[in-house]
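Reader: I would like to go through this model feature by feature. Please give me the general idea before each case.

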There are 2 protein chains.
Amino acid sequence: MSETAQRDPFAPRPARDVPSWDAVCDVAVVGLGVAGACAAIEAAAAGADVLALERASGGGGTSAASGGLLYLGGGTPVQRALGFEDSAEEMFKYLMAACGPDPDPALVEPYCAGSVEHFRWLAAQGVAFGERFFPGAHEPPGDDGLTYSGSEDVHPFCTIARPAPRGHCPKVVGPKGALLMRALLASVERARVRVATGARAERLVVESDGRVCGVEARVAREPLRVRARRGVVLASGGFIYDEASVARHAPWLLRCRAKTGTESDDGSGIWMGVAAGGVAIRMDAGDITLPIFPPVVLKQGLFVNAQAQRFLNEDAYFGRSGEFALLRQDGQVYLVVDEGCFERPALFPAELAGTGETIAELEGEIGLPKGALERTLEYYNLHAAQGLDPLFHKGRAHLRPLDRPPFAAFDLRPERFVYSAFTLGGLQIDADAAVLSQAGLRVPGLFAAGRTTSGLSKQGYSSGISLGDGSFFGRRAGRSAARGG
Amino acid sequence: MSETAQRDPFAPRPARDVPSWDAVCDVAVVGLGVAGACAAIEAAAAGADVLALERASGGGGTSAASGGLLYLGGGTPVQRALGFEDSAEEMFKYLMAACGPDPDPALVEPYCAGSVEHFRWLAAQGVAFGERFFPGAHEPPGDDGLTYSGSEDVHPFCTIARPAPRGHCPKVVGPKGALLMRALLASVERARVRVATGARAERLVVESDGRVCGVEARVAREPLRVRARRGVVLASGGFIYDEASVARHAPWLLRCRAKTGTESDDGSGIWMGVAAGGVAIRMDAGDITLPIFPPVVLKQGLFVNAQAQRFLNEDAYFGRSGEFALLRQDGQVYLVVDEGCFERPALFPAELAGTGETIAELEGEIGLPKGALERTLEYYNLHAAQGLDPLFHKGRAHLRPLDRPPFAAFDLRPERFVYSAFTLGGLQIDADAAVLSQAGLRVPGLFAAGRTTSGLSKQGYSSGISLGDGSFFGRRAGRSAARGG
């Protein structure tokens with residue numbers, strides 16, 4: 001292989017090597033999911049001539065295929081209409097505790113402070129939010145508008161910040177992400193943003209001083225060389241669909257058999273950004289969902305590990321239980337239930353690891369250490385009868401002694417039960433959505449948002465954070481790029 | 001700040017912008033610890049004119065300050081002389097199980113296959129190895145030569161690979177790393193390698209086709225521009241001394257109050273390599289040592305978490321217990337002992353979290369959930385009396401019911417007890433120690449070894465792996481660079 005052929009495909013092109021430009025704009029936006037759409041709208045609103053490159057045949061991306069939840073708070077009109085008190089301070093406390101280890105306050109603080117304004121902006125783009133509260137603690141099946149979409153109201157977070165539901169849903173029965181993106185893409189169109197579909201961005205173009213000044217894309221087999229006078233916004237998703245990169249950076253996510261994303265989530269935006277001088281951080285992080293609930297009645301059951309020990313309050317958000325199960329227990333986990341709460345998980349089929357008329361029999365069938373599950377149940381039941389869970393503080397609503405035979409255990413090992421995952425690592429940005437280098441300096445002319453970046457969540461997740469930070473910092477990326485940095 | 005001033009300090013210098021060269025060589029080696037020394041020796045042996053840049057006043061680096069253990073096996077002369085059977089296959093099985101998640105077989109396989117030859121090569125450089133077995137499972141205080149330096153002989157690894165001690169020590173009473181580096185640096189000198197001390201490498205120099213062709217360093221305030229005709233080897237350590245980078249990539253390591261390393265471990269080699277097109281992987285990983293043993297008698301005690309549950313066999317390697325304590329239990333851990341095994345940890349002082357004439361009293365003093373520790377002890381004691389540990393399979397030698405009052409618990413929370421850490425993430429290399437890009441292509445002219453790379457250990461660690469893979473892949477880096485790639 002020649003030296004030239006060996007060059008990294010993401011290596012930026014020096015501007016002087018670009019023979020001619022096929023298009024010129026002020027701001028080029030790579031990817032037209034929620035982050036790119038918001039970037040394009042705001043850049044255009046700031047007076048920039050915007051060209052968006054979308055590799056699919058139309059905008060929407062993973063956002064359009066998602067559940068459509070946006071994590072918003074601090075006292076939004078929907079929260080207030082439904083009687084939920086919230087403030088930017090309480091929201092900040094929750095996110096700093098739930099999005100760790102070590103979320104970046106430089107991102108979390110403005111996100112919380114600007115959340116009510118952001119809600120209004122989204123509404124102004126035509127995103128209608130439902131105005132009914134859904135108590136299910138997962139994505140509402142109907143057109144309800146507000147739900148607890150993380151662990152706000154469960155231990156330990158309910159002791160850290162005043163709980164408030166912050167999962168805001170576009171008002172529609174059925175695919176909510178599609179509705180969200182339909183509204184935003186209509187706004188993109190109204191803003192007279194030029195959109196090139198079927199355009200796969202391949203590398204950035206840089207001036208000799210390192211400033212990003214364009215993008216090279218490909219439409220079918222033809223090159224599309226775009227000069228961006230003020231800046232480029234990378235908003236092309238995460239990398240869950242690039243198995244080689246997942247294996248290299250976050251191999252545990254390969255154990256999750258469902259991917260949350262689309263094939264566009266191949267990390268190309270991240271690697272173009274890194275090749276131009278950006279730093280990718282927390283590439284190990286990923287949302288890991290263990291979708292055992294609904295039905296909610298199963299929260300009366302007990303998560304146990306290979307030692308028959310409990311390891312988490314069972315009413316925790318399913319992204320938290322997935323993280324704890326896979327990363328802390330190596331996925332060796334079961335959900336123990338009794339006749340009083342036996343029901344099949346609704347979202348994915350679960351196999352039974354064992355059944356028994358007694359706990360001893362169940363324990364034997366699963367192959368847990370003899371006597372260990374009996375002791376775990378004994379301690380749990382003793383306290384549950386008093387409405388207590390001294391180990392993990394599960395909410396009273398789900399506390400009941402598990403003492404009605406027969407007993408069963410669902411097999412939640414990732415080889416047996418479908419976990420779903422997407423990546424949370426990516427380019428480091430500052431509060432203006434400018435891409436930073438390892439040394440903490442801005443890469444001139446380069447901005448990013450959405451799962452191309454490491455955003456609010458550094459590992460701990462709550463539903464709605466990706467559409468939330470993608471749209472919020474997408475807007476900032478668009479404004480910053482229109483300003484030229 | 002001007003655009004130019006904002007440029008990343010690690011951004012490579014285009015060769016055409018180098019006004020003149022201050023030195024020319026075939027192979028430039030950055031850093032003269034174990035990896036750099038071995039690279040320099042082998043490059044010179046292959047006929048290359050070698051220039052090594054060392055920022056300190058002399059070679060040695062973190063390697064010289066280390067315990068001097070090298071992880072070697074497969075039937076070394078010392079293993080055979082002491083009657084320990086081993087093979088490359090068993091060593092491979094152990095490392096693939098112990099160095100995960102997901103160690104790279106492309107590195108582990110040649111490391112194991114070449115280990116006996118590597119031992120002989122080290123011996124030929126003048127490294128004398130002790131020939132006595134040390135049973136202590138930590139670094140020998142005397143001049144013993146061989147020890148179990150990981151979790152080879154404990155559960156679960158003893159069921160995965162036939163146990164063999166593989167921690168090989170230079171034969172000296174006292175600082176063994178210093179002896180190792182003295183021998184290697186003498187060999188560097190014999191090989192007529194030119195060494196520039198006080199020379200801080202700042203950035204790589206690249207040809208317009210991306211090939212690395214030199215290094216820019218600084219000696220005091222003077223620039224030292226080195227042209228490297230065949231290649232550059234980065235061997236300048238990890239990044240544990242760069243707090244900003246640790247916070248960005250592996251923030252949990254900041255909770256460890258002791259750093260294993262020197263101030264040279266600032267990650268500069270990693271960032272120079274990334275800026276030239278290499279990919280940094282597993283930047284989240286770190287060795288986390290919980291040095292509670294010796295004294296060995298403490299292994300009779302029980303590690304418990306905030307729920308008073310055990311979480312690991314207490315005879316596991318101290319890097320494994322550190323990892324489990326900090327990453328899986330958030331550092332909320334204690335070691336419970338009784339009168340029969342009460343002794344102060346030798347390496348770091350430990351405070352008592354509580355004491356009690358009864359377990360219930362101890363539990364109350366620590367603030368553990370009522371009755372939880374009693375149950376943990378009850379189950380443990382019941383089985384320990386029969387020489388069994390059904391939960392974690394601690395070795396029989398350390399199994400004894402904890403039933404001799406008074407009881408006590410050492411406080412092993414990282415705010416109370418000193419954990420030590422170093423980083424394990426870095427540049428991805430192939431078996432020839434060539435630096436790879438995100439796309440899996442070689443960065444022409446660039447090689448790396450030691451903690452500047454992500455090596456054998458992707459998280460799980462055993463003592464001796466860093467000097468082991470640093471020296472082994474350092475040699476390969478030197479040979480590859482001398483060949484010109």
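This is a predicted model: local features need pLDDT of at least 70, side-chain atom pairs count only at pLDDT 80 or more; totals for chains, interfaces and linings use all residues.

Author: Start with the naming of elements. Helices and strands here are DSSP runs, numbered from the N terminus; a helix has at least four residues and a strand at least two.

Reader: What joins Phe293(A) and Pro294(A)?

Author: The general idea comes first. Most peptide bonds are trans. The bond between Phe293(A) and Pro294(A) is cis, with omega about 5°. Chain A also has a cis bond from Gly100(A) to Pro101(A), where omega is near 10°. Pro101(A) sits in the loop between α4 (88–98) and α5 (105–113) of chain A.

Reader: Now the backbone angle phi. Is phi of Ala220(B) positive or negative?

Author: Most residues other than glycine have a negative phi. In Ala220(B), phi is positive, near 55°. This residue is in the loop between β10 (212–219) and β11 (222–234) of chain B.

Reader: Next, the sheets. In which order do the four strands of the open sheet in chain A run?

Author: Strands of a sheet pair through backbone hydrogen bonds, either parallel or antiparallel. In chain A the order is β15-β16-β18-β17, and the pairing is antiparallel. β15 (302–304) and β17 (352–356) of chain A each have a single partner strand, so one side of each is left without a neighbour in the sheet. On average, neighbouring strands of this sheet are turned by 20° against each other, direction ignored.

Reader: Over how many bridges do β15(A) and β16 of chain A pair?

Author: Three bridges, in the antiparallel sense; β16(A) covers residues 334–338. Within that strand, Tyr334(A) stands opposite Val304(A). Helix α11 (residues 359–366) of chain A packs on the sheet. That helix touches β16, β17 and β18 (407–411) of chain A, and its direction makes about 150° with that of β17(A).

Reader: Which strand order does the open sheet of chain B have?

Author: Read the order and the pairing together. The four strands of chain B are ordered β15-β16-β18-β17, with antiparallel pairing. At the edges are β15 (302–304) and β17 (352–356) of chain B, each pairing on one side only. β17(B) is joined by four bridges to β18 (residues 407–411) of chain B. One of the residues to look for is Leu352(B), whose bridge partner in β18(B) is Phe410(B). Helix α12 (residues 359–366) of chain B packs on this sheet against β16 (334–338), β17 and β18 of chain B, at about 150° to the direction of β17(B). α13(B) also packs on the sheet, touching β15 and β16 of chain B; the angle between the directions of α13(B) and β15(B) is about 145°.

Reader: Last, the interface. How many residues does the contact take from each chain?

Author: Chain B gives 55 residues and chain A gives 54. The two chains bury about 4,400 Å² between them, 51% of it on carbon and sulfur atoms. There are four salt bridges between the chains. Glu378(B) and Arg375(A) meet in a salt bridge through their side chains, at 2.7 Å from N to O. Across the interface, 19 residue pairs are in polar contact.

Reader: Which element gives the largest share of the side of chain B that touches chain A?

Author: α13(B), with six residues. By residue type, that side of chain B divides into 22 nonpolar, 15 polar and 18 charged.

Terms used. Residues are numbered from 1 along each chain as its sequence is written. Chains are lettered from A and ligands numbered from 1 in the order in which they are written. Side-chain values use heavy atoms; hydrogens and water are left out. Contact means heavy atoms within 4.5 Å. Buried area is the accessible area (1.4 Å probe) that two parts lose on being put together, summed over both. A polar contact is a pair of N or O atoms within 3.5 Å; within protein, one must be able to donate a hydrogen and the other to accept it, and residues adjacent in sequence count only if both atoms are side-chain atoms. Ala, Val, Leu, Ile, Met, Phe, Trp, Tyr, Cys and Pro count as nonpolar, Asp, Glu, Lys and Arg as charged, and the others, Gly among them, as polar. Two strands pair if DSSP finds at least two bridges between them. Axes are lines fitted to C-alpha atoms, for helices over the stretch in contact, and angles run from 0 to 180 degrees between N-to-C directions.
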